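Got a fold to pick apart here. Let's start with the chain as a whole and then zoom in on one helix.

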Amino acid sequence: MKSLEQLTRPNIWRLAPYSSARNEYSGREAHVFLDANENPYNAPFNRYPDPLQLELKARIEKVKGVPQECIFLGNGSDEAIDLPYRCFTRPGVDNVVAIEPTYGMYKVCADINDVEYRPVLLDENYQIEADKLLAACDDKTKIIWLCSPNNPTGNSLNREEVVKVLEGFDGIVIVDEAYSDFASQPPLRLELKKYPNMIVLNTLSKAWGCAAIRLGMAFAQRGIIDLFNKVKYPYNVNLLTQRQALEALSDPFEVDKWVRMLLIERSRMMEAFKLLPSCEKVYRTDANFFLAKMTDAQKIYDYLVDRGIIVRNRTRVQLCHNCLRITIGTKSENNELLAALRQM
């Protein structure tokens with residue numbers, strides 16, 4: 001791996017971050033706050049939130065097994081996706097490499113930051129070939145994007161090939177593990193010490209049922225996290241999000257129960273789809289959704305929308321022609337979908 005200074009944009013490496021009022025006395029107790037031009041009334045919403053979310057990170061450390069200093073928290077995973085572009089890539093100069101198909105925000109953020117995005121097609125089984133990804137890189141490639149389990153395909157990427165990318169690339173490798181709670185493969189976030197060039201993304205939006213509060217996580221070695229904290233907006237995670245996240249993380253056993261129920265329903269739904277005349281193939285998945293190849297995805301999608309049932313039409317995505325992505329809902333929601341498809 002290149003040194004972190006070599007990988008970082010020079011202006012970001014030299015950047016003097018904004019020093020918020022709440023950072024300046026960090027580590028000491030205080031009870032009178034006359035430093036941030038806040039209104040003294042309407043507690044607790046009158047006060048700015050902890051800019052580094054230390055109490056929340058302490059809870060996440062216990063649940064996720066990652067040290068606090070290796071955790072970045074953002075306004076959804078979108079912030080954690082955008083920050084690597086702003087920290088490591090020079091607009092109009094550098095490029096990133098990514099698997100294809102995958103989550104669309106990686107490319108959107110590349111376009112916003114004026115960074116060339118180089119997609120590398122997965123094979124017919126939606127698996128990566130490390131050599132092809134590495135061959136797409138040059139001396140201006142700063143980041144490789146991987147998503148495992150992948151979206152929209154649902155499958156976990158071959159771990160041996162992922163490791164080949166991590167060991168064969170001298171830049172930053174980002175592994176998005178948003179759906180890892182539904183997979184049997186051990187999460188890569190537990191191997192941060194082994195791979196100093198790795199950033200692992202995670203979220204409370206999926207297994208934890210907290211999409212509305214917009215809390216994304218990035219796990220990496222401390223030097224990378226320090227860069228993210230230098231570039232992020234001072235109070236990027238609001239008080240309400242921090243409080244709700246603490247409450248959600250207080251009961252991981254409830255989440256385990258949700259995951260078990262969703263996995264049971266996932267198996268039932270996949271078997272039911274295989275029997276539908278309108279379904280040609282159901283792809284293997286390790287997420288809380290599955291991809292199904294249909295006889296006519298657009299026609300079926302429109303039919304379901306007319307009945308108030310929304311799935312995701314992925315037919316225009318490469319390697320996903322005539323495919324619908326089905327999220328696993330409650331048993332009654334899943335039954336309503338099956339009943340509608342059986343009536344076609």
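Q: What share of the contacts in the chain with a separation of 6 or more comes from residues 24 or more positions apart?
A: Bear in mind that this is a predicted model. The chain has 13 helices and eleven strands. For contacts with a separation of 6 or more, the share from residues 24 or more positions apart is 70%.

Q: What is the radius of gyration of the chain, and what would a compact globule have?
A: The C-alpha trace spans about 65 × 50 × 30 Å along its principal axes. A compact globule of 344 residues would come out near 20 Å, which agrees with the radius of gyration of the chain, 22 Å.

Q: How far apart are the mean positions of the positive and negative charges?
A: The chain carries 44 positive and 45 negative charges.

Q: Why do the buried residues of helix 4 line one face of the helix?
A: Helix 4 covers residues 54-64, and its buried residues are Leu56, Lys57, Ile60 and Lys64. In general, an α-helix has 3.6 residues a turn, so residues three or four places apart point the same way. Viewed down the axis of helix 4, the buried ones line one face because they fall within an arc of 95°.

Q: Which strands and helices do the buried residues of helix 4 pack against?
A: Turned away from the buried side of helix 4 are the exposed Glu55 and Lys62. The buried residues of helix 4 pack against strand 1 (71-75), strand 6 (198-203), strand 7 (215-219), helix 9 (222-231) and helix 10 (239-249).

Q: Which residue with a positive phi follows helix 4?
A: The phi there is near 75°. The residue after helix 4 is Gly65.

Conventions: Residues are numbered from 1 along each chain as its sequence is written. This is a predicted model: local features need pLDDT of at least 70, side-chain atom pairs count only at pLDDT 80 or more; totals for chains, interfaces and linings use all residues. Side-chain values use heavy atoms; hydrogens and water are left out. Helices (H or I, at least four residues) and strands (E, at least two) are DSSP runs, numbered from the N terminus. The radius of gyration is taken over C-alpha atoms; the globule rule is 2.2 Å times the number of residues to the power 0.38. Contact means heavy atoms within 4.5 Å. Lys and Arg count as positive and Asp and Glu as negative; His and the chain ends are not counted. The place of a charge is taken as NZ of Lys, CZ of Arg, CG of Asp or CD of Glu. Buried means under 20% relative accessible area, exposed over 50%, partly exposed in between (1.4 Å probe, protein chains only). The arc is that of the directions from the helix axis to the C-beta atoms.
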